[in-house]
Amino acid sequence: MPSSHTSSDCSAKSSSDLVSSPSCAVYTPPLYYQLIIGLLKPLYRLQVWRRSHQRDNYQQEVEQRFGKRYPARPLVDATLTTESQANKGVIWCHAVSLGETNTVAPLLEALLAEGYQIWLTNTTQTGFARGASRFADEITQGRMSHSYVPVDSPVVIETFLAHVQPIAALFVETELWANILTKLSEHHVPSILVNGRLSASSFKSYQKIAAVSTSMMKNLTLIIAQDNESAKRFRQLGAYSAQIRVAGSLKWVINAPKLAAGASVTEAADIQGEHTTVQTLHLAHRQVDLAEKLGIVGRPIWVAASTHSGEEAVALSLHQQLLSNPALANTLLIIVPRHPERFDEVATLIQNTTLKMARRSREEAISIDTPVYLADSMGELMTWYALADVALVGGSLVDIGGHNPVEPASVATPVIMGRYTQSCQSVVDKLSEVGALYQPQNPCYRPVTVEEVATNGPTVTAIDEQVATHNKANINQELSTNQAPSGKQSAANDDDKTRIYQQLAFWLSHLELAKQAGHAGEQMTKQQQAVLTRQLTMITSVIEQHSHAETL
C-alpha cells in the first residue's frame, strides 16, 4: 500500500521552498506499518524490561521511551550577550549509540555556542551513557536535556513533541522512523538528516519497505549526505534532489573543544583546527612522559584499538608472527577492546597464548620481555594512538563497519583496517589516497614512497623479502567460533590477514616511512575540518528560513 499525503504537494516548489516552507505535504506511512508498530509496542516494552530491569535507571528508561515523564526543557543560556542569541529555541537531536553521539558532538557544541538549546536522545544504553558523560556540564547547566528516544508510536511522539517543543529535529547518519517524521511534518518542525550515510546493504533493506522509505524521504526537510553515493541512494528511495546536499563527513571532526558562548558559525572550524594542533602537541608530550613511565622508549609499538570479539585473536596471531622476525622481536602490542565488559574476556584470551601480558587497570609494569599490554581503561584511547607507531583500527576485521580512523590519523599515526569499513568508507578512501591508511584490496591506496622521505630507496609496496616470504599458514588463526567465515570468504580473509601483516611489518621496520604516512593523515584531517562549518551553516539556514516562512 503506498504512502498517502495531505496538504499541498512539494513537487512543484523551488529548491529554497523545499527546505523552508512549513506548508509542504505530510506523507503518512502505509497502514501495514502503523499496524506493525502497534503490535510491536508491548513486545518492545518487554524487551526493554528483559534488557534493563536490573539497571538503576530502568524506570527512567521506560518512562522516557513510552512518554510518561521527561526531564525539564533546556533553559535559556544567560551567558549569551544578546536576547536574539539567547532565545533561538530547542533543537532535538537523535543519535542512536556511542559512535553517532561522538560524531555529532562537535556539531552540537557549535549549535550551543550559536545560542540554541539541545535535547539529545539516544537508543542504546552505551549511547545514553556517552551522551550523559560527554555533555555532563551542559546538562547540569540546563543548556541541554537528555533522554531515551520515544518509541515510534504516534501517541508517544505527540507527548514528546508537546513537552520538548523543538524548532527543528536532527537525525544522525541513517536512524529514521516513519511516524516520528510524519508527526514532525504535521507540526511544521523541519527535520534534517545530518551526516547522512546510506551503504549499499542499508539501501537494499530500505528498498524492501519502499512505501515506508518513500514517506520518510519526502517528510525530511533536508538531507545532508556525506558523499555522492549516499546522495544518489537517498534520491532512489524517493527524496527530491532539491532536498539533498553533499557536505562531507563529520567523522573528520573529533574531540572538539568546548566552543565559547557566542562563537560564530565561521569561527567553529578555525577553533576546531587550532584545537587539533594543540591536542596533537599535548598528546606528543604525554606520549613521551608515558613511554618513559612505562619503560617502552625505543620499542616498536602498534595498537589494536576498539576491537571486537574475534579481532583480538587476529591481532595476537599477527603479533606472534612479528616477534618471530629478529628485527621486530621487541615489538609491543597494545590492545584496547571497544567495550569494557569484555576486558576480562580479552585478558583470558591473551593468557591462553604463550605471550606475557601486563594490564593497565592493575598498573602492572611492562618489562623488556612483555610483548602485550592490555589497555583495559577508559578515556585513554587517543593517548594509545599517539603512543603507537602504527594503529590497527577495530570493527573492520569482523563485520561491524569499522570505527573512526580519523582518531589515529589526527595524531599522525598511520592506520591499517580490514575490509569491513562500510560505516566510514569515504574517510577510509581519502586517507588511503594520501598513503595514511592501508586497507587490503582498496584501489584508492597510494603508498608514501621512500623518495618522499629521502632521495633513494624502494617504495612502501616493495615489502622486505623476509616479510613477504613468511609462512602464510602461521598468520591464519581462525576468528572466534561465532564469527568464523567459511569457503571463499575464509580464503579472502586469510589473504587480507597476510597483506595486513606485510604492511604492519613493513611500517614497523621502516618507522620513518610510517611517520611520513602518519603526517599525511594528519594534514588530511586538518584540511577536512571545514565540514563542521558546512553542515552547521546548512542546518542554521534551514531553521532560519523555516522560522521566517512561518511568520509570514
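**Close-up views of a predicted model**

**View 1. Helices H2 and H3 lie roughly antiparallel to each other.** In this predicted model, helix H2 spans residues 31-52 and helix H3 spans residues 58-65, and the two pack at an angle of about 160° with their axes 10 Å apart. Because an angle over 145 degrees counts as roughly antiparallel, the pair is described in that way, and the crossing of H2 and H3 is right-handed.

**View 2. Residues of H2 and H3 meet along the contact of the two helices.** From H2, the contact draws on Tyr44, Arg45, Val48, Trp49, Arg51 and Ser52, while H3 contributes Tyr58, Glu61, Val62 and Arg65. Sorted by class, the residues of this contact are five nonpolar, one polar and four charged.

**View 3. Helix H3 is largely enclosed by the rest of the structure.** This description applies because six of the eight residues of H3 are buried, namely Tyr58, Glu61, Val62, Glu63, Gln64 and Arg65. The elements that cover these buried residues include H2, helix H6 (125-134), strand S5 (144-148) and helix H8 (154-164). Just after H3, the backbone at Gly67 takes a positive phi of about 70°.

**View 4. Helices H10 and H11 pack against each other at an angle of about 105°.** Helix H10 covers residues 200-208 and helix H11 covers residues 210-219, with their axes 5 Å apart. An angle from 65 to 115 degrees counts as roughly perpendicular, which makes H10 roughly perpendicular to H11. Tyr206, Gln207 and Lys208 of H10 make the contact together with Ala210, Ser213 and Met216 of H11, and by class these residues of H10 and H11 comprise three nonpolar, two polar and one charged.

**View 5. The whole protein has 22 helices and 16 strands.** Of its 552 residues, 57% count as buried, and among the contacts with a separation of 6 or more, 69% are accounted for by residues 24 or more positions apart.

**View 6. The confidence of the prediction averages a pLDDT of 84 over the protein.** While 80% of the residues score at least 70, the pLDDT is below 50 over residues 11-16, a stretch that has seven contacts in the model beyond near neighbours in sequence. Over residues 454-485 the pLDDT likewise stays under 50, and for these residues the model has 68 contacts beyond four places in sequence.

How values were computed
Residues are numbered from 1 along each chain as its sequence is written. This is a predicted model: local features need pLDDT of at least 70, side-chain atom pairs count only at pLDDT 80 or more; totals for chains, interfaces and linings use all residues. Side-chain values use heavy atoms; hydrogens and water are left out. Axes are lines fitted to C-alpha atoms, for helices over the stretch in contact, and angles run from 0 to 180 degrees between N-to-C directions. Helices (H or I, at least four residues) and strands (E, at least two) are DSSP runs, numbered from the N terminus. Angles under 35 degrees count as roughly parallel, over 145 as roughly antiparallel, 65 to 115 as roughly perpendicular and the rest as oblique. A crossing is left-handed if the near helix is turned anticlockwise from the far one by less than a right angle, and right-handed if clockwise. Contact means heavy atoms within 4.5 Å. Ala, Val, Leu, Ile, Met, Phe, Trp, Tyr, Cys and Pro count as nonpolar, Asp, Glu, Lys and Arg as charged, and the others, Gly among them, as polar. pLDDT is the predictor's confidence in each residue, from 0 to 100. Buried means under 20% relative accessible area, exposed over 50%, partly exposed in between (1.4 Å probe, protein chains only).
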